[in-house]
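Please read them with the structure open beside you.

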Amino acid sequence: MHAPRPAAPAPAPTRALSRRGVLTAVGALGLGGLLTACDSDGDKDGDGGGANSSAGGGTWRFKDDRGTTAEADRTPKRLVAFVGAAAALHDLGIECTGVFGPTKPANGKPDPRAGGIDVDKVTILGNTYPRFNVERYVGLRPDLLIAQMTEPPALWYVPEESAEKIESLAPSVGILTTKSSLTHVIGRFADLAKSLGADVTADPVTSAEERFESASATLRRAAGAARAKGDGGLKVMVVSASADILYVAAPDAFTDLRYYESLGVEFVTPSKTGAGGFWQELSWENADMYEADLILVDNRVGNLQPADLKKTRPTWARLPAVRADRTFPWAVEERYSHAGYAPRIEQLAAALGQSEPLTS
């Protein structure tokens with residue numbers, strides 16, 4: 001997956017060899033740098049991937065998805081995180097005070113990636129890549145830096161040119177969020193939250209998990225019904241759109257799409273993909289290469305959305321799913337928690353239920 005870049009035309013996951021390349025391919029992200037220092041006490045042992053913390057002032061350790069073990073002589077309290085990671089931790093009871101990444105755009109409204117975070121109570125280090133206020137970061141006296149990863153060891157939204165300095169100021173944790181199981185990634189954030197003192201048996205957490213499981217069961221039924229429609233069932237294409245290119249997502253590269261596929265959703269699979277294996281790039285003249293009964297469209301700021309595409313791209317307007325008004329938003333950067341994904345799964349199940357075969 002590319003690294004984030006401000007309103008770039010390329011989609012979220014296709015990384016170049018450099019950290020900047022990763023952020024650049026993410027194109028439609030509208031990156032913003034926010035820093036969050038999380039205040040939390042804890043003495044619970046994590047049970048996955050080497051996550052653990054010690055009570056009574058003992059050593060805290062957490063093995064991340066780079067294979068690196070972050071250590072501290074006490075449980076970290078002042079946490080700084082990429083906004084999506086901070087939002088996932090918030091859902092698990094860990095409140096952050098600093099974040100980096102798209103948090104509060106110019107209109108002052110919270111970015112959807114902020115989830116339930118009160119964006120007026122966190123220190124924002126920057127809303128757009130590569131802005132990351134290092135001086136403000138130092139002023140927060142961070143105990144731990146937390147970020148997602150699309151291609152290790154690069155930390156999502158940490159600017160390449162200042163990464164070495166930023167990562168030298170505090171231990172860091174990277175959680176891999178691509179080409180993996182959605183439930184595994186959600187579990188990794190739960191492991192981290194437990195190590196930081198979260199009570200993952202609290203009612204809001206368990207209620208969200210129950211909703212997630214119920215939504216998954218609903219999607220499985222909807223996918224089964226979709227496969228029975230017509231002669232070949234329903235095909236779902238997932239795309240990200242820029243002015244010059246239509247990016248078709250490879251389902252196996254995206255953690256959420258992998259999960260939906262395991263529940264029976266049938267996706268269009270590109271015949272070839274570019275660097276990283278995330279997307280096939282099509283010129284608008286070739287936008288009708290694949291037949292689809294339903295299209296999910298990357299809804300990040302900076303990407304073209306269905307209403308604009310219908311007016312400006314004739315080949316898009318001619319697609320059967322577009323003519324039938326069967327386009328739906330795809331939240332590429334949803335926070336990795338049960339609370340974050342349950343509504344997305346419900347929405348996809350509803351979209352499948354509303355759709356009928358349009359192609360042979």
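1. At roughly what angle do the axes of helix α7 and α11 cross? The axes of α7 (residues 255-262) and α11 come within 12 Å and cross at roughly 50°, where axes are lines fitted to C-alpha atoms, for helices over the stretch in contact, and angles run from 0 to 180 degrees between N-to-C directions. That angle makes α7 oblique to α11, since angles under 35 degrees count as roughly parallel, over 145 as roughly antiparallel, 65 to 115 as roughly perpendicular and the rest as oblique. Helices here are DSSP runs (H or I, at least four residues), as are strands (E, at least two), and both are numbered from the N terminus.

2. Before going further, please note that this is a predicted model, in which local features need pLDDT of at least 70 and side-chain atom pairs count only at pLDDT 80 or more, while totals for chains, interfaces and linings use all residues. Residues are numbered from 1 along each chain as its sequence is written, and side-chain values use heavy atoms, with hydrogens and water left out.

3. The contact between α7 and α11 (heavy atoms within 4.5 Å) is made by Asp256, Tyr259 and Tyr260 of α7 and by Tyr341, Arg344, Ile345 and Leu348 of α11. By class, the residues of this contact divide into 5 nonpolar, no polar and 2 charged; Ala, Val, Leu, Ile, Met, Phe, Trp, Tyr, Cys and Pro count as nonpolar, Asp, Glu, Lys and Arg as charged, and the others, Gly among them, as polar.

4. Helix α7 also meets α5, and the axes of α5 and α7 come within 8 Å and cross at roughly 130°; the two helices are therefore oblique to each other. Leu182, Thr183 and Val185 of α5 make this contact with Thr255, Asp256 and Tyr259 of α7, a set with 3 nonpolar, 2 polar and 1 charged residues.

5. On α5 there is a further contact, with α2 (residues 83-91), and here the axes come within 10 Å and cross at roughly 70°, so α2 and α5 are roughly perpendicular to each other. Ala85, Ala88 and Leu89 in α2 meet Phe189, Leu192 and Ala193 in α5, and the contact divides into 6 nonpolar, no polar and no charged residues.

6. The largest pocket holds about 270 Å³ of space. A pocket is an open set of points on a 1 Å grid over the protein atoms alone, where a 1.4 Å probe fits, with protein on both sides within 12 Å along at least five of seven lines, and lining residues have an atom within 4 Å of a point. Its volume is the space filled by probe spheres set on the points, which are joined across faces, edges and corners. Of its 18 lining residues, Leu92, Ile186, Val205, Glu209 and His338 lie nearest the centre, and the largest share of the lining, 7 residues, comes from α6. The lining divides into 10 nonpolar, 5 polar and 3 charged residues.

7. The second largest pocket has a volume of about 220 Å³, and its lining of 15 residues has Asp111, Pro112, Arg113, Asn299 and Arg300 nearest the centre. This lining divides into 6 nonpolar, 2 polar and 7 charged residues.

8. Some backbone details deserve a look. A cis peptide bond joins Tyr129 and Pro130, with omega about 5°, and the bond from Pro152 to Pro153 is cis as well, with omega near 5°. Arg141, although not a glycine, has a positive phi of about 50°, and this residue is placed in the loop between α3 and β8.
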